[in-house]
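Have the structure open as you read.

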Amino acid sequence: SKGTHELIEGNLSNMKAKLLALEQIQLEEGRRAFGKSEKAFYTSELFTNMEICGLIILAIIFQVIILTGPKKKSYFTREKPTRSSNGAMEA
């Protein structure tokens with residue numbers, strides 16, 4: 001009975017040591033995964049902010065283009081036709 005009790009105590013101590021080692025491994029992997037996810041989050045946030053800035057810049061450019069309007073230079077001007085002395089239409 002005493003030998004069995006010592007064997008059980010030894011097995012329990014061995015299991016406890018292995019569980020503590022496993023706990024350390026899991027904590028380390030958890031920290032590593034958290035670091036990767038945090039980096040991905042900040043990268044995503046950076047790209048989102050860059051997109052917003054780009055859209056604001058484009059909106060400002062479009063407003064400037066719209067508010068300034070096109071230049072009043074036209075290659076196709078429409079002139080009123082006039083009649084010559086003989087009654088023919090001239091441009």
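## A pair one turn apart

Arg32 and Glu28 sit 4 residues apart in helix H1, about one turn of the helix. Helices here are DSSP runs of H or I with at least four residues, numbered from the N terminus. An α-helix has 3.6 residues a turn, so residues three or four places apart point the same way.

The side chains of this pair, Arg32 and Glu28, meet in a salt bridge, with 2.7 Å from N to O. The term salt bridge means a side-chain nitrogen of Lys or Arg within 4 Å of a carboxyl oxygen of Asp or Glu.

## A second partner

Arg32 also forms a salt bridge with Glu29, where the closest N and O atoms are 3.1 Å apart. Glu29 and Arg32 are both in helix H1, 3 residues apart, again about one turn of the helix. Through shared partners, the salt bridges join Glu28, Glu29 and Arg32 into one network. By this rule, the count is 2 salt bridges.

Arg32 counts as partly exposed because its relative accessibility is 42%; the classes are buried under 20% relative accessible area, exposed over 50% and partly exposed in between, with a 1.4 Å probe and protein chains only. Glu28 is partly exposed at 42%, and Glu29 is partly exposed at 41%.

## The helix and its end

Helix H1 covers residues 2-68, and its 67 residues should span 99 Å at 1.5 Å a residue; the end C-alpha atoms are 98 Å apart, which agrees. The expected span is 1.5 Å times one less than the number of residues. After H1 comes Gly69, with a positive phi near 75°.

## About the model

This is a predicted model: local features need pLDDT of at least 70, side-chain atom pairs count only at pLDDT 80 or more, and totals for chains, interfaces and linings use all residues. Residues are numbered from 1 along each chain as its sequence is written, and side-chain values use heavy atoms, leaving out hydrogens and water.

Conventions. Helices (H or I, at least four residues) and strands (E, at least two) are DSSP runs, numbered from the N terminus.
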